[in-house]
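Take a walk through this model, one element at a time. Keep the structure open as you read.

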Amino acid sequence: MIAEEVKLEAMDIEDERFRISEDLDPVRLEESLRQIGQLHPVQLFRGEHSKLLVICGFRRLRALRRIGGLSAWARIWSASDCDALAALHIAIWDNLSHRDLNPLEIARALASLKHLCSVPQETLVEKYLPLLGLKPHKNVLRGYLALHSAHPQIRQMLQDGRVSLSTAERLSAGPRNFQERLAQVFERARWSASAQREVLDLDEDLASIWECGPAAVFDQEEIASTLKDERLSPFEKGHQIREILYRCRNPRLSAAKERFLSERKRLELPASVRLSPDPFFESARVRVEFDITSAKGFRDAAEKLQRAARNPALEGLFRLTNDG
Amino acid sequence: MPVRTIEDVESVLPQLNRSSDAHASGKHCLILARHLGRFLKGCPGAGAEICCNYFVVNLASNCHLECTYCFLQAYLNNPALVVYTNVDDLLEEVRLKVVSAPDRMFRIGTGEISDSLALDGITRYSRRLVPSFGSLSNVVLELKTKSDHVANLEGLEHRGRTIVSWSMNSRRITREEELKTASFEERLNAARRCQGWGYTVGFHFDPLIHYPGWERDYREAVEELFHAVDPSRIAWVSLGSLRFTGHLREIVRARFPRSRIPNGEFVPGNHGKLRYFRPIREEMYARMREWIHRAAPNVFVYLCMENRAAWENSFEVVPRNTEDLSDQMDTLVRISS
């Protein structure tokens with residue numbers, strides 16, 4: 001391989017068609033170039049354009065430019081021995097040879113293969129997904145291609161670990177206004193990965209029930225005021241918003257739960273006696289549990305239960321609705 | 001029509017899975033195959049707290065009709081339509097089973113993982129099944145359908161041992177969610193024709209769908225049904241509510257984005273299936289039972305795949321257990337023969 005010194009001004013560094021890396025400005029690269037110079041040549045492509053296109057080396061070239069460098073060691077590929085697909089292969093393999101690609105980089109590689117090189121979907125699924133360490137399934141491809149068009153804030157939140165990959169994919173598949181609105185929500189409220197999935201499911205259901213866009217679900221007054229509440233931590237906001245959405249999605253079940261809690265309170269049982277309904281009230285069964293550590297404790301609990309048995313509120317505990 | 005011979009029904013899977021909608025593509029692929037293993041099985045409903053003790057035989061797998069809520073979309077691994085050709089094996093298996101237990105009654109249906117009559121115009125299986133069941137004394141065959149393909153049933157020696165049943169719904173649900181099926185009127189016309197040929201008929205309001213305006217729509221459906229058919233020649237009417245899995249909900253959302261069915265207030269029930277929250281189910285059952293008995297006081301109505309609480313809160317008289325319900329239904333078919 002013959003490397004030559006090429007002036008930076010002869011390259012079109014802004015044309016990023018072959019770019020794979022997400023982070024173009026790693027902190028230590030500048031220092032490394034200052035200390036020991038450029039160790040590996042960048043790969044350039046001489047096509048029909050007046051300037052050379054960059055295949056690999058975006059980060060090195062940007063760092064060189066920042067530290068005042070005027071030229072870089074480079075290997076130049078000509079159009080006769082390298083078409084766009086071959087150039088992209090070089091970019092992908094150059095990266096894969098020394099590190100794993102992150103999801104946004106994988107998304108960019110797949111999108112370039114599809115749009116720049118017109119690689120058919122079947123080939124992307126069967127050849128390139130395994131190459132990138134993914135399962136060869138069309139849904140995987142669909143998710144990553146959607147991710148490529150993610151709103152910048154969502155990309156950043158994915159990189160920061162604030163949203164999971166599947167959440168980022170789902171958000172990216174939505175319209176731009178939805179992505180922007182949800183990015184604002186995710187900026188202020190935090191959820192675990194499974195809670196993120198649940199919140200998005202609830203949002204999707206409510207949008208369908210209310211016949212509105214999925215972004216509009218978060219415009220409710222109660223959610224807006226929760227997001228603005230400075231006293232709440234991001235996780236507390238997330239918890240409250242999830243509760244609000246769940247209550248809207250399941251009004252009858254939520255009412256039954258509240259009703260049960262209120263009737264239980266009216267029985268005035270001590271905290272050591274626990275009453276819990278059948279999961280989702282599927283049967284009328286109510287579970288009664290109490291913890292005691294002495295005979296006296298046993299007598300006390302039994303006495304409180306007897307008092308509760310005479311309380312008219314007890315009937316209400318077994319009613320699911322106010323009607324009957 | 002292109003025809004090819006395959007060694008294994010699964011071999012069509014890669015081709016079907018390449019399609020953007022494998023479920024839809026599968027409905028255009030008819031496979032004729034031998035059924036391996038036993039035909040006769042207990043109905044999966046046998047897991048319910050109070051169950052009717054029904055048996056099923058599968059002469060086909062999948063269905064070319066397109067109900068948005070169909071559980072087969074999530075249940076079957078192979079989206080192709082498979083029709084089993086070894087009908088004689090099925091008839092012999094049934095004969096041996098019922099002859100071996102002459103004191104008990106068997107109710108057997110063919111509509112578990114397919115529609116009993118939707119393909120009958122092509123297979124003409126009813127012309128073999130009906131006379132064959134007619135020759136046995138302690139069994140009834142139930143042909144359950146959303147089609148009006150009943151022409152082959154005319155003139156058969158059924159001897160009261162075949163019940164032709166329709167899965168019914170409100171007009172709106174029939175029109176919007178049961179795509180490619182016979183209309184509400186077509187089903188009633190077909191039922192009337194079958195009664196005219198001496199068959200007892202049955203109706204299954206299953207799945208009942210909860211939506212704004214359901215009361216008016218279902219009340220009208222019940223009134224029209226009993227106006228159209230002779231209630232004295234109805235074996236039974238069952239009621240059941242929508243059962244869903246999370247996976248099925250995703251499929252329905254993806255395949256039928258306009259469907260309102262996934263919007264119901266569901267909770268996880270037995271076996272991980274989603275169902276309407278119990279008070280919703282109970283209200284629907286109670287109102288349906290009331291409307292049915294107002295129109296036809298003597299018609300037998302029962303719940304399918306329900307728990308005791310739902311029975312107790314929606315019916316005045318509740319079967320003691322599975323055996324009791326099963327006995328009541330056996331008595332109905334003994335009398336109707």
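**From a sheet to a helix in chain B**

In this predicted model, strand 13 of chain B pairs with strand 15 (residues 274-276) of chain B in the antiparallel sense, over two bridges. Phe244(B) stands opposite Leu274(B) in strand 15 of chain B. The open sheet here has three strands, in the order 13-15-14 (chain B), and the pairing is antiparallel. Strand 13 (243-244) and strand 14 (266-268) of chain B are at the edges. Each has a single partner strand, so one side of each is left without a neighbour in the sheet.

Now turn to helix 11 (residues 278-295) of chain B. Buried residues of helix 11 of chain B include Arg278(B), Pro279(B), Ile280(B), Tyr285(B), Arg289(B) and Trp291(B).

Stay with Arg289(B), found in helix 11 of chain B. Its relative accessibility is 13%, so Arg289(B) counts as buried, the cut-off being under 20%. What does Arg289(B) contact, leaving aside its neighbours within four places in sequence? The contacts are Leu239(B), Ser314(B), Phe315(B) and Glu316(B). With Ser314(B) there is a polar approach: its backbone oxygen lies 3.1 Å from a polar atom of the Arg289(B) side chain.

Finally, confidence in chain A. The mean pLDDT of chain A is 92, and 99% of its residues reach 70 or more. Confidence in chain A is lowest in helix 15 (residues 313-317), at a mean of 87. It is highest in helix 12 (residues 234-249) of chain A, at 97.

Definitions and conventions. Residues are numbered from 1 along each chain as its sequence is written. Chains are lettered from A and ligands numbered from 1 in the order in which they are written. This is a predicted model: local features need pLDDT of at least 70, side-chain atom pairs count only at pLDDT 80 or more; totals for chains, interfaces and linings use all residues. Side-chain values use heavy atoms; hydrogens and water are left out. Helices (H or I, at least four residues) and strands (E, at least two) are DSSP runs, numbered from the N terminus. The expected span of a helix is 1.5 Å times one less than its number of residues. Buried means under 20% relative accessible area, exposed over 50%, partly exposed in between (1.4 Å probe, protein chains only). A polar contact is a pair of N or O atoms within 3.5 Å; within protein, one must be able to donate a hydrogen and the other to accept it, and residues adjacent in sequence count only if both atoms are side-chain atoms. Contact means heavy atoms within 4.5 Å. pLDDT is the predictor's confidence in each residue, from 0 to 100. Two strands pair if DSSP finds at least two bridges between them.
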